[in-house]
Amino acid sequence: MRQNLCQAMIYEVIVIGAGVEGSATGYYLTSRGTKNVLLLEQFDAIHTRGSSHGGSRMAADTYRERFYVDMMHEGFGMWKEIEERSGKKLYTKNGLLGFGTSAVTRFSSALQSNNVRHKIMTGR
C-alpha cells in the first residue's frame with residue numbers, strides 16, 4: 001500500500017498557479033502526452049484575485065520583439081482550437097486604438113517590423 005502511495009505522488013510536471021495560464025499549460029501538456037501533471041493553486045477554484053477576473057481582458061500582438069508576436073499568434077490559434085472543441089465562443093477579436101504621438105510612433109514601428117497589419121489615423 002505504501003509503495004502505491006509514493007508512486008502516486010511522482011509527477012512529470014508540476015505547474016504553480018492554476019489560473020488561465022497555468023490551466024492552459026496543464027491542458028496542453030496532457031493533450032500532448034504528458035501523463036502526470038499537477039496544478040497547484042493558492043486560492044479556491046472561483047475567486048476574484050486572478051489576473052483574468054472581470055468582464056473583459058485584452059490579448060494583443062503589439063510587441064516590439066518578434067518572439068512575443070509569434071507567441072501571441074500561436075495563442076490565438078489555441079483559443080480557436082479550444083472554441084471548436086468546446087462549442088463555445090471564448091474569444092472575440094477587436095482592434096486596438098492608441099492615442100498620442102509617442103504611442104503611435106512606438107506601436108507603428110513595432111507592428112511594421114513584425115508584419116502585423118495596422119492603420120494609422122490622424123485627426124486631420
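Two strands count as paired if DSSP finds at least two bridges between them. Helices (H or I, at least four residues) and strands (E, at least two) are DSSP runs, numbered from the N terminus.

A quick word on the model: it's predicted, so local features need pLDDT of at least 70 and side-chain atom pairs count only at pLDDT 80 or more, while totals for chains, interfaces and linings use all residues. Residues are numbered from 1 along each chain as its sequence is written, and side-chain values use heavy atoms, with hydrogens and water left out.

**Exercise 1.** Work out how many bridges join strand 1 to strand 2.

Step one: find strand 1 at residues 13–16 and strand 2 at residues 37–40. Step two: count the bridges, and you get four, with the strands running parallel.

**Exercise 2.** Decide whether Ser108 is buried or exposed, and find what it touches.

Next, check its relative accessibility: at 13%, Ser108 counts as buried (buried is under 20% relative accessible area, exposed over 50%, partly exposed in between, with a 1.4 Å probe and protein chains only). Finally, look for contacts (heavy atoms within 4.5 Å): leaving out residues up to four places away in sequence, Ser108 touches His118 and Ile120.

**Exercise 3.** Sort out which residues of helix 3 are buried and which are exposed on the other side.

Start with the buried set in helix 3 (residues 66–86): Val69, Met72 and Glu83. Then turn to the other side of helix 3, where Phe67, Glu84 and Arg85 are exposed. Last, step past the end of helix 3 to Gly87, which has a positive phi near 75 degrees.

Definitions and conventions. The expected span of a helix is 1.5 Å times one less than its number of residues.
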